[in-house]
Amino acid sequence: MLIDTHCHLADPAFSADVGEVVSRAVAAGVHHTVVIGESAAAAERAFELAAGDARLSVSTGVHPHDASGWCADEEARLRRAAARPELVAIGEIGLDYHYDHSPRPRQQEVFDLQMAIAAELERPVVIHAREADDDIAAILRNYPRVTAVLHSFSSGVDLLRTGVALGHYVSLSGMLTFKSWRLDDAVREVPLERLLVETDAPYLAPVPCRGKRNEPGYVVAVAKRLADVVGTSFERISEITTENAVRVFGARLRM
């Protein structure tokens, strides 16, 4: 059995058939999915889905794209969310210097604030890192008690090594299957007990599903490719990544 540790099931792309999508995932061997609420609206929808389905959990935070909109209401929302049983992490949070939808200083401030909240509430965080490796690493070092997941990892080797040295986890998505992927050697540096798999659906559908809407069931393709990269069986990588996900996010993921 597998766990999709990062999926945007609250996205409008799934509004017409989310129940069927979850059923297909379970039939494929994906028994749990962490639904990302990257905004207030997405979080509300994610909690609606997870409240009625024990196969789903929620992670919510303010995405770096939306850092300019951070305010006291957002902090209050995050703290309320943390009290709900469906909430397993804070995120996705982090820095994105590729699009720069919010000013970099504001991104850094909001990332730091959410890391502080996660530390206070003793919650893991899900990190979005794009072209901001040094600043991500610097902020992570300031919060040694917070466990982080480097989501859909495609950053530099230095950030990967820093994350592993700090005790964090590396999550691989469908990019691992792309012809353009060049980070196999870096993935092999990650201890097996720090590896996770995800889809980031509806984005980044893996080979052989490229061009389709991604969905949680397709994490099977990511796990198969990861098994090949690290030189083990699909069954073993499924067992390892599932245990890792439970260790990070909690026993709810065993349901």
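**Exercise 1. The cavity**

Which strand gives the largest share of the lining of the largest cavity?

*Solution.* Keep in mind that you are working with a predicted model.

- Step 1: Count the cavities. There is 1 cavity of 30 Å³ or more, and the largest cavity has a volume of about 30 Å³.
- Step 2: List the lining. I127, H128, A129, L150, H151, S152, F153, S154 and S155 surround this space.
- Step 3: Find the strand. β5, covering residues 125-130, supplies the largest share, with 3 residues.
- Step 4: Sort by class. The lining has 4 nonpolar and 5 polar residues, but no charged ones.

**Exercise 2. The pocket**

Find which residues lie nearest the centre of the largest pocket, and describe its lining.

*Solution.* 

- Step 1: Start with the space. The largest pocket holds about 540 Å³.
- Step 2: Of the 20 lining residues, E92, H128, R130, H151 and D200 lie nearest the centre.
- Step 3: Turn to the strands. β4 (87-96) and β5 each give at least two lining residues, and β5 gives the most, with 3.
- Step 4: Sort by class. The pocket lining divides into 5 nonpolar, 8 polar and 7 charged residues.

**Exercise 3. Two helices**

Work out how helices α8 and α9 are oriented to each other.

*Solution.* 

- Step 1: Locate them. α8 spans residues 219-230 and α9 spans residues 234-249.
- Step 2: Read the geometry. Their axes come within 8 Å and cross at roughly 105°.
- Step 3: Apply the cut-off. Angles of 65 to 115 degrees count as roughly perpendicular, so α8 and α9 are roughly perpendicular to each other.
- Step 4: Name the contact. V220, A223, K224, L226, A227 and V230 of α8 meet F234, I237 and T241 of α9.
- Step 5: Sort by class. This contact has 7 nonpolar, 1 polar and 1 charged residues.

Methods. Residues numbered from 1 in each chain as written. Predicted model: local features only at pLDDT ≥ 70, side-chain atom pairs only at ≥ 80, totals over all residues. Heavy atoms only, no water. Axes fitted to C-alpha atoms, helices over the stretch in contact; angles between N-to-C directions. Helix = DSSP H or I, 4+ residues; strand = E, 2+ residues; numbered from the N terminus. Parallel < 35°, antiparallel > 145°, perpendicular 65-115°, else oblique. Contact = heavy atoms within 4.5 Å. Nonpolar A, V, L, I, M, F, W, Y, C, P; charged D, E, K, R; others polar. 1 Å grid on protein atoms, 1.4 Å probe; cavity = no way out; pocket = protein on both sides within 12 Å on 5 of 7 lines; lining within 4 Å. Points joined across faces, edges and corners; volume = space filled by probe spheres on them.
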